[in-house]
Amino acid sequence: MLDADFFRRWMAAATASVDREAERLTDLDSAIGDADHGSNLQRGFRAVATALEKDAPDTPGAVLTLAGRQLISTVGGASGPLYGTLLRRTGKALGDASEVDTAQLAEALRAGVDGVMALGGAAPGDKTMIDALLPAVDALGDGFAAARAAAEQGAEATIPLQARKGRASYLGERSIGHQDPGATSSALLIATLEEAAEG
Ligand code: ADP
Ligand code: MG
Ligand code: MG
């Protein structure tokens, strides 16, 4: 079972991963965006880490809703409200249970991804974070390692796609041939579930 501690470890691991990979995320965004995706998420997840240290919410749902609120209020770019919605919706769907299992997490994350699609209007194949998140949610029933592999594959599969949402869509065909920064950071977020599970 996954308790509030697990979700705090997940957010801490995500913060560390975003810190390590910020430059790579910003480089990807410089090719098809405005070169701020790494710094956007770094600012957001550092705020998440600070808020969780101060507040230590005691249910999985409360950890994720607090994290989502922080992302929405500290990240100016498109990714802030989108990732914020992902975590807030997922947290809401987990309710006030003190522990959840992987199947419940998968179901809640699906609600979170639905929230992102409703807010941003992106469908699978539009070259966004959805292309990593949706395959990850589909694979989560087979475990965290399967979800990680699916997210990484989904992120790589954005390379030949033409962007239809967000800044990259302004480039039209010139967005082809580059990996989407948001799909890449989504794969990092999913990969850190495995780290959190290892303790
Ligand atoms: P901005 O584009 O405002 O500078 P970021 O660089 O932080 O924001 O985030 C860009 C990423 O956000 C993209 O790579 C893409 O994955 C994601 N994104 C942008 N618009 C949408 C959308 N409408 N739906 C889903 N994801 C989106
Ligand atoms: Mg950007
Ligand atoms: Mg920007």
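Predicted model: local features only at pLDDT ≥ 70, side-chain atom pairs only at ≥ 80, totals over all residues.
The account starts with the core. The largest nonpolar core comprises 55 residues, and those with the most contacts inside it are Met 11, Ala 67, Ala 136, Ala 147 and Ala 151. At least two residues of this core come from each of helix H1 (4–32), helix H2 (37–55), helix H3 (60–74), H4, H5, helix H6 (130–139), helix H7 (144–156) and helix H8 (181–198). The greatest contribution is that of H1, which provides 9 residues. Ala 151 illustrates the contacts of one such residue: setting aside residues up to four places away in sequence, Ala 151 touches Ala 132, Pro 135, Ala 136, Ser 186, Ala 187, Ile 190 and Ala 191.

Attention now turns to pairs of helices. Two packed helices are described by the angle between their axes together with the distance between those axes. For H1 and H2, the axes come within 7 Å and cross at roughly 165°. Because angles over 145 degrees count as roughly antiparallel, H1 is roughly antiparallel to H2. Their crossing is left-handed. The residues forming the contact of H1 with H2 comprise 12 nonpolar, 6 polar and 5 charged.

The second pair consists of helix H4 (residues 79–94) and helix H5 (residues 102–120), whose axes come within 7 Å and cross at roughly 140°. H4 and H5 are therefore oblique to each other, and the crossing of H4 and H5 is right-handed. On the H4 side, the residues that meet H5 are Pro 81, Leu 82, Thr 85, Leu 86, Leu 87, Arg 89, Thr 90, Ala 93 and Leu 94. Their counterparts in H5 include Ala 108, Ala 111, Gly 112, Gly 115, Val 116 and Leu 119. By class, the residues of the contact of H4 with H5 divide into 12 nonpolar, 6 polar and 2 charged.

Two loop residues complete the description. Ala 56 is located in the loop between H2 and H3, and its phi is near 35°, a positive value in a residue other than glycine. Ala 56 has 13 C-beta neighbours inside 10 Å and therefore counts as partly exposed. Lys 127 lies in the loop between H5 and H6. The phi of Lys 127 is near 65°, again a positive value in a residue other than glycine. Is Lys 127 buried or exposed? Lys 127 counts as buried, because 28 C-beta neighbours lie inside 10 Å, and the threshold for a buried residue is 20 or more.

How values were computed
Residues numbered from 1 in each chain as written. Chains lettered and ligands numbered in written order. Axes fitted to C-alpha atoms, helices over the stretch in contact; angles between N-to-C directions. Helix = DSSP H or I, 4+ residues; strand = E, 2+ residues; numbered from the N terminus. Parallel < 35°, antiparallel > 145°, perpendicular 65-115°, else oblique. Left-handed = near helix turned anticlockwise from the far one by under 90°. Contact = placed C-beta atoms within 7 Å. Nonpolar A, V, L, I, M, F, W, Y, C, P; charged D, E, K, R; others polar. Core = buried A, V, L, I, M, F, W, Y, C linked by C-beta atoms within 7 Å. Buried ≥ 20, exposed ≤ 12 C-beta atoms within 10 Å, placed from the backbone.
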